[in-house]
Amino acid sequence: MLSLTLTGAEVLRPGGLDREPLSIADGVVAGHAAAREIDLTGYRVLPGMVDVHGDGFERHVAPRRGAMKDMTEGLRAAEAEMAANGVTTATVAQFVSWEGGMRGLAFADQIFDALRQVAPAVVTDMRGQLRFETHLLDDYDAVPGWLDRWGVEYVVFNDHLPHDYLAEGRRPKRLNGQALKAGRNPEKHFEMMLALHAQSGDVPAALDRLCGVLCGKGVRLGSHDDRSAETRAVWRARGVQVAEFPETLDAAEAARGGGDHIVMGSPNVVRGGSHNGNISAIDLISMGLCDALASDYHYPSLRRAALFVARAELMPLEQAWALVSSGPARVLDLQDRGDLGVGKRADLVILDPADRVAATIAGGRVSYMTGEVAARFIGG
């Protein structure tokens, strides 16, 4: 682990930017100066980013259908991308869904098994999140055992069935492509979707029971794409206290009123709005209705979104950056990270004068370093 003092840089602390030296030793931010000094004049040092929900790893583990047999290599490649984008804690969000293929149980088994092998060997703190489709009633009893086997402590519930189509017996858009990706006959795939939709009435009670079991095991629970205050209240009653990507202002306000965590997607900020017409993350941030930004499907968007929020003067830099550092750390109940206070994990990202990631340090170890800043460390 590194033992050094960074001097000359602007350092982002909870109160804002200052030029006081920052020391790290034994994997944490130190309260005393280290013997070795690195001059980072011209750079900014900020807390490492905590990604509370990311599935950008999918392109690394499945660049082409069936091409990647060793998932550990794909996750190592994904970790390199995370580090290059300033992520020091990463949540690998993997589906178990009726959609099958890369979102099926067999693929999830491979991903989470690979994650257990890779996580101790990489610098980035990589953690798993199970995204579970609510209508898989036949799998409910097995979920606690899956989590134990995978070492996963975070579950987010999703419902991606196109109920409007299915209620009318209509074939959903993109059904053929979806079925072929899962290796299914399109007609059989449609019949399966209709059967899952038909048992919608049994889902609420089954969720009540499953959430009770998972809460008893200390599993963190989240809901996805809440559309109303009533929906959020139902999830909260089950012990589901993370609202991922609420689609409406009512749902977000209900989450805030109930003391729940609100997570939005950083690509939503970078794009200037939702790609499917839901409420803008920028609007929710402006109203104080966002606790954390997630990479979702694009790791570079974390940094870009936080800096955009600050440049647009929606909030000061220390508050904007908290959306990708201390905010998501609180969502995950990781009290040892998220800011550069003395005693916290030495998780930090160094930005160059153009606000590109020049280096990432996680737990006092270098996970990424390039260009002039690398020369300063090596030559220091």
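Q: Is Arg-59 buried, exposed or partly exposed, and at what relative accessibility?

A: Burial is read from relative accessible area, where buried means under 20%, exposed over 50% and partly exposed in between (1.4 Å probe, protein chains only). At 41% relative accessibility, Arg-59 falls in the partly exposed class. This is a predicted model, in which local features need pLDDT of at least 70 and side-chain atom pairs count only at pLDDT 80 or more, while totals for chains, interfaces and linings use all residues. Residues are numbered from 1 along each chain as its sequence is written, and side-chain values use heavy atoms, with hydrogens and water left out.

Q: Which residue forms a salt bridge with Arg-59?

A: A salt bridge is a side-chain nitrogen of Lys or Arg within 4 Å of a carboxyl oxygen of Asp or Glu. Here Arg-59 pairs with Glu-81, with 2.8 Å between the closest N and O atoms. Because Arg-59 lies in helix H1 (residues 58–61) and Glu-81 in helix H2 (residues 71–84), the pair ties together parts that are 22 residues apart in sequence; helices (H or I, at least four residues) and strands (E, at least two) are DSSP runs, numbered from the N terminus. Glu-81 is buried, at 18% relative accessible area.

Q: How many salt bridges does a search of the whole structure find?

A: The search finds 23. Among them is the bridge between Asp-226 and Arg-232, at 2.7 Å from N to O; Asp-226 is buried at 1% relative accessible area, and Arg-232 is buried at 0%.
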